[in-house]
Amino acid sequence: MGLGFALGIYLPIAEISVNVFVLFFMGAAVGFLSGMFGVGGGFLITPLLIFYNIPPAVAVATGANQVIASSFSGALTHFKRGTLDVKLGSLLVVGGIAGAAVGIYVFVLLRELGQLDLIVSLLYVIFLSTVGGLMLYESLQAMRRTRAGQLSNLKKPGQHNWVHRLPFKMRFRASKIYVSIIPVLVLGGAIGFLSSIMGVGGGFIMVPAMIYLLKVPTNVVIGTSLYQIVFVTAFTTVMQATTNQSVDIVLAMLLMTGGVIGAQYGARVGQKLRGEQLRALLAMLVLAVGLRLAIELFVTPDDLYSITVALATRAP
Amino acid sequence: MKTAVAALILIIALAAAEQARAQQLPGNRETVEIGLSTDTIAITSGFRGTDLTVFGALDNADPLIQRQGRYDIVVVLEGPERDFVVRRKDRFFGIWVNAESVSFQHIPASYSLASTRNLQDMTTPKIFSQLSLGVNNIYYEPMPDGFGSSESLKEFTKELPRLKLKQHLYNQRPGDVQFLSSTLFRATLSLPANVPVGKHIARAYLFRNGEFLRENATSLNIVKAGLEFRIYRAANQYSLLYGLFAVFLAVVTGWMGRLVFRKD
């Protein structure tokens with residue numbers, strides 16, 4: 001690492017020795033990116049931890065724990081500014097907790113079947129390549145528009161779509177929308193499910209879904225999404241701790257400390273730099289992480305056989 | 001971060017009762033004893049593995065046989081029993097997926113062996129398998145319903161000790177039981193870095209001219225010490241509180257970040 005000393009620390013749950021600085025900088029780098037782009041960063045932290053040989057079960061559970069810190073401070077800011085729809089957020093939380101509960105059940109099942117690592121990697125490959133690809137496309141389009149001298153403009157919230165024809169409508173005053181609770185609960189549930197299986201907050205899916213499906217005004221989207229993420233990742237953390245004992249608080253503390261500091265600087269830098277190029281860079285980073293995970297699925301492992309403790313008889 | 005594993009020292013003390021019992025078997029009076037200076041070893045989190053020295057005594061040995069080196073001793077430290085699943089990856093659409101698996105029960109989580117000579121030079125394979133002595137002779141008991149076919153059972157039963165040897169959890173050190181005098185011997189066992197915590201059993205087996213005479217056992221508790229292990233225990237024993245605490249820490253960290261870096 002070029003440093004004169006390397007400070008090793010033993011992670012009690014992951015049960016491996018790691019370098020404090022590597023993890024701190026990992027947290028800071030992802031925090032920097034998340035501050036710059038306003039994303040939670042969970043979708044980068046978990047794969048990075050897996051590359052650093054943290055067992056995937058621990059990486060996922062600790063990833064969820066780590067997301068709480070950055071989302072909480074963000075949600076608090078939006079709450080004070082009044083850019084947070086508590087009613088809509090709470091309904092998303094209800095769906096999210098149900099989804100996370102199902103997710104934890106599936107997580108345990110996959111672990112018993114020995115397929116957890118594979119499914120986590122597959123989900124990441126799918127989501128990272130989709131999100132990275134879309135971001136890259138969108139930023140390249142924006143760059144081309146800028147070069148052509150046009151002003152880049154967000155798509156106007158269009159006509160009412162099929163979502164608005166669903167029954168059980170409810171009025172959300174802060175968001176100024178009148179929408180069925182079904183898509184809200186389903187969206188919350190899907191995010192909760194992903195949160196528990198992938199260890200992410202899910203903002204990268206939640207924000208576009210709220211804008212394009214529910215037609216929530218952009219100013220309350222981020223705050224409301226963060227509000228939901230705080231509660232759902234908190235629920236996921238507690239569930240992971242009680243069912244899988246896979247939350248590593250030492251690891252989480254290192255990542256969170258780095259993350260909180262990195263996010264502050266990231267936010268400052270993000271305000272000064274050109275958006276499109278940065279988004280293109282982040283998109284390429286996301287694609288690279290996804291590609292790396294994908295390659296590992298295809299490379300012949302050193303040893304085809306593996307041995308694990310049968311889960312029913314965990315050590316006391 | 002260095003770990004101290006107490007060197008385990010001898011008890012040469014020969015129990016009078018043991019002697020009396022041995023005397024009832026004419027021509028077969030040898031006894032073997034091993035002793036540990038402590039019944040508990042605490043290892044800290046930076047533990048990188050170490051050698052464990054066990055001293056023992058061979059008493060009432062026939063001097064002639066002893067001089068000819070025809071006494072053999074095997075010392076084994078066996079870890080707590082656990083259930084294990086062995087899995088094999090197969091290729092599906094180019095992706096490596098855990099496919100077939102076999103579950104085993106009551107398998108020692110670790111197994112360290114030291115012996116005076118190579119096991120095959122000491123006595124017949126039959127005796128070793130009767131004693132379940134040696135990595136290849138441990139009885140790897142499959143769970144009922146834990147396997148598909150008898151071929152796969154055979155295949156996975158062979159893989160289990162190989163994987164354990166690869167993880168250094170099983171290890172055998174022929175030649176690492178040495179006589180220091182005509183009665184006193186020293187066995188050097190490997191405790192791997194990932195040694196499981198719990199109750200370990202140390203056993204000494206005595207052979208004369210390839211014939212098994214007797215064994216002697218003592219137990220050893222391996223515990224982990226230090227803050228990291230206390231965290232581990234909290235996560236397992238008070239998992240709800242632990243989870244709530246993890247959430248609390250995250251909330252406080254997020255909130256602190258806001259306080260420290262509050263924008264003007």
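Trainee: Which domains does the domain assignment of chain B give?

Mentor: This is a predicted model. The assignment for chain B gives domain 1, covering 16-225, and domain 2, covering 227-264.

Trainee: What distance separates the centres of domain 1 and domain 2 of chain B?

Mentor: Taken over C-alpha atoms, the centres of domain 1 of chain B and domain 2 of chain B are separated by 42 Å.

Trainee: Turning to chain A, how many helices and strands does its secondary structure come to?

Mentor: Chain A has 10 helices and five strands. The radius of gyration of chain A is 20 Å, close to the 20 Å given by the globule rule for 316 residues, so chain A is as compact as a globular protein of that length.

Trainee: And what box do the C-alpha atoms of chain A fill?

Mentor: Along the principal axes, the C-alpha atoms of chain A fill a box of roughly 55 × 45 × 40 Å.

Trainee: Let us look at helix packing. At what angle do α3(A) and α9(A) pack?

Mentor: Helix α3 (residues 56-81) of chain A packs against helix α9 (residues 249-272) of chain A at an angle of about 35 degrees, and their axes are 9 Å apart. The crossing of α3(A) past α9(A) is right-handed.

Trainee: Which residues make that contact?

Mentor: From α3(A), the contact uses Thr62(A), Asn65(A), Gln66(A), Ala69(A) and Ser70(A). From α9(A), the residues include Leu251(A), Leu255(A), Met256(A) and Val260(A). By class, the contact of α3(A) with α9(A) has seven nonpolar, five polar and no charged residues.

Trainee: How do α1(A) and α9(A) cross?

Mentor: The axes of helix α1 (residues 20-37) of chain A and α9(A) come within 5 Å and cross at roughly 35 degrees. The crossing of α1(A) and α9(A) is right-handed. The residues of the contact of α1(A) with α9(A) divide into 22 nonpolar, 11 polar and no charged.

Trainee: Now the interface. How many residues does the contact take from chain A and from chain B?

Mentor: Chain A gives 42 residues to the contact, and chain B gives 42 residues. On the side of chain A that touches chain B, α3, α8 (218-243), α9, α10 (275-298) and β5 (305-309) of chain A each supply at least two residues.

Trainee: Which element supplies the largest share of that side?

Mentor: The largest share of the side of chain A that touches chain B comes from α9(A), with eight residues. By class, this side of chain A has 28 nonpolar, 14 polar and no charged residues.

Trainee: You mentioned β5(A). Which strand of chain B is it joined to?

Mentor: Five bridges join β5(A) to strand β5 (residues 81-92) of chain B, and the two strands run antiparallel. Within this pairing, Ile307(A) has Val86(B) as its bridge partner in β5(B).

Trainee: What sheet do those strands belong to?

Mentor: An open sheet of four strands has the order β5(A)-β5(B)-β6(B)-β8(B), with antiparallel pairing. β5 of chain A and β8 (141-142) of chain B stand at the edges with a single partner strand each, so one side of each is left without a neighbour in the sheet. Inside the sheet, 10 bridges join β5(B) to strand β6 (residues 95-108) of chain B, which run antiparallel. Lys89(B) has Asn98(B) as its bridge partner in β6(B).

Trainee: Which helix lies across those strands?

Mentor: Helix α5 (residues 150-166) of chain B lies across β5 of chain A together with β5, β6 and β8 of chain B, and runs at about 75 degrees to β6(B).

Trainee: In what order do the strands β1, β3, β10 and β11 of chain B form an open sheet?

Mentor: The order is β1-β3-β11-β10 (chain B), and the pairing is antiparallel. Neighbouring strands of this sheet are turned by 25 degrees against each other on average, direction ignored. Five bridges join β1(B) to strand β3 (residues 50-59) of chain B, and Glu33(B) stands opposite Ala57(B) in β3(B).

Trainee: One last topic: do β2(B) and β13(B) run parallel or antiparallel?

Mentor: Strand β2 (residues 40-43) of chain B and strand β13 (residues 211-224) of chain B run parallel, joined by four bridges. By contrast, strand β12 (residues 198-208) of chain B pairs with β13(B) in the antiparallel sense over 11 bridges. β12(B) and β13(B) form a hairpin with two residues between them, and Asn209(B) in the turn has a positive phi of about 50 degrees.

Technical notes. Residues numbered from 1 in each chain as written. Chains lettered and ligands numbered in written order. Predicted model: local features only at pLDDT ≥ 70, side-chain atom pairs only at ≥ 80, totals over all residues. Axes fitted to C-alpha atoms, helices over the stretch in contact; angles between N-to-C directions. Left-handed = near helix turned anticlockwise from the far one by under 90°. Contact = placed C-beta atoms within 7 Å. Nonpolar A, V, L, I, M, F, W, Y, C, P; charged D, E, K, R; others polar. Pairing = 2+ DSSP bridges. Domains from an automatic or database assignment. Rg over C-alpha atoms; globule rule 2.2 N^0.38 Å.
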